[in-house]
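Thank you for making the time this morning.

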Amino acid sequence: MRPASRLVERMASDRALWAAWSRVAAGSGMAGADGVSAAVFGREVGPRLAALAALLRERRYQAQPLRPVRLMRGGKLRTRGLPTICDRIVQRAFLNVYGTRLNPTSPVSFSYRPGRSWLNALEQVQRYRDSGLTWVLRTDIANFFAEVDHRLLLEQVTERVRDPYAAELVRSWVRAPWLMPEGVLERRGGLPEGAPISPALAEFFLAEFDREVNGSSGRLVRYADDLTVLCPGRDEAMAALGIVERALAARELRINPDKTYIADFDFGFTLLGWRFIGTTAQPAGDAGTGR
C-alpha cells in the first residue's frame, strides 16, 4: 500500500478533521443517505473521526450516495443533494487544506469567499457607476448548479489537483449518485447543492469565464450565478451580451432569457434584491421580477 500523500495526511490530521466536524455540526445536521445525523455522529465523534482518518490514509475512503431533499427556493420546489455527515466532514477537511489553491481570489466574484459578500458586490457596482460605466447588462446563468458539465469540470480539477487520490475524491463527490427508493440512480451533470464542496467547485469552474468576460466590453460583477456587466454605453452592453453567451456556451451553460435585459442607471435595474436608479440604491419592492 502506497503511503498517504502530504495533502491526504493534512486532511486526515486531528486538527483538520475536528475543525471540519465543527463546521458540519454547526450546520443543519440532517442525516444523509446512511441515516446518520450530526447528533448521532456526535455521540461517538472521537472514534468516528479516527476511523475516517484511517480510511483516508489507507486510501479506502469512498464517497456515499446523496440523499435527495426537496426544498422551496426562489418560489420553486428544488431537489437538494445531501451528502452523508462523513462526506461533509471530509469535504470540509479538503477545503480547509486545499481550498485557496483550488479557488484563487477573483476580483469580480463576491460569493462564497471569505471577507466578501453581496454588500461588497453592490458597492462595486456603485464604484463602476461613479467611474462612468452607466449602462448594464443584467442576466444570470440558467439552472447553473444543475447543469455544470461533469466532464469539463473534472478536466479542470485534474489539471489543478495534482494529488491523484485527492483528485479522485473530488471526482467521487461530483459524480455521487442519488439514493432513491428504487435504488441508486446515476447523476449525469450538476453540482449537489447540499455539499460543502459545491460552492468552491462552482467558483473554480467559473474562474476562466470571469477572466474572459471582465474587461472585454465592460466590467463584470458576479455573485454566484448572478451576472452584471457595467459598460460605458448601450452598444458595449449589447456586445457584452454576446460575449457572455459565447463564454457560457463554451462551458455548456446558457443565460436565463427571462432575467436578461439591458438598462442604464436612469431607467434603473435590480441586483441582489436592491433597486439601482440614478445615484440611489434601495431595497427592491419585488426582487424576484429581475428588473
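What we have here is a predicted model, in which local features need a pLDDT of at least 70 and side-chain atom pairs count only at pLDDT 80 or more, while totals for chains, interfaces and linings use all residues. Residues are numbered from 1 along each chain as its sequence is written, and side-chain values use heavy atoms, with hydrogens and water left out.

Let me start with the sheet. Helices (H or I, at least four residues) and strands (E, at least two) are DSSP runs numbered from the N terminus, and two strands are said to pair if DSSP finds at least two bridges between them. On that basis, 3 strands form an open antiparallel sheet in the order E9-E10-E11. Its edges are strand E9, residues 269–271, and strand E11, residues 280–283, each of which pairs on one side only. Neighbouring strands here are turned by 30° against each other on average, with direction ignored; the axes behind such angles are lines fitted to C-alpha atoms, for helices over the stretch in contact, and angles run from 0 to 180 degrees between N-to-C directions.

E9 and E10 pair over 3 bridges, and they form a hairpin with 2 residues between them, where Leu272 in the turn has a positive phi of about 50°. Which residue of E10 is the bridge partner of Thr270? That is Arg275, and Arg275 in turn has Gln282 as its bridge partner in E11. Helix H6 packs on this sheet, touching E9, E10 and E11, and its direction makes about 5° with that of E10; touching, or contact, means heavy atoms within 4.5 Å.

Now to helix H5, which spans residues 85–102. There is a kink of about 55° centred on Asn96, where the bend is the angle between axes fitted to the seven residues ending at a residue and the seven starting there. Of the 18 residues of H5, 13 are buried, so the helix is largely enclosed by the rest of the structure; buried means under 20% relative accessible area, exposed over 50%, and partly exposed in between, with a 1.4 Å probe and protein chains only.

A nonpolar core is a set of buried Ala, Val, Leu, Ile, Met, Phe, Trp, Tyr and Cys residues joined through side-chain atoms within 4.5 Å. The largest has 69 residues, and those with the most contacts inside it include Ile89 and Phe94. Apart from it lies another core of 15 residues, among them Phe110, Leu122, Val221 and Tyr261.

Finally, two loop residues. Tyr112 sits between helices H5 and H6 and is partly exposed at 42%. Leaving aside neighbours within four places in sequence, Tyr112 is in contact with Phe145, Pro199, Glu203 and Ala224; the C-alpha atoms of Tyr112 and Ala224 are separated by 7.7 Å, although these residues are 112 apart along the chain.

Thr260, in the loop between helix H11 and strand E8, counts as buried at 16% relative accessibility. A polar contact of 2.6 Å joins its side chain to that of Thr139, the term meaning a pair of N or O atoms within 3.5 Å where, within protein, one must be able to donate a hydrogen and the other to accept it, and where residues adjacent in sequence count only if both atoms are side-chain atoms.
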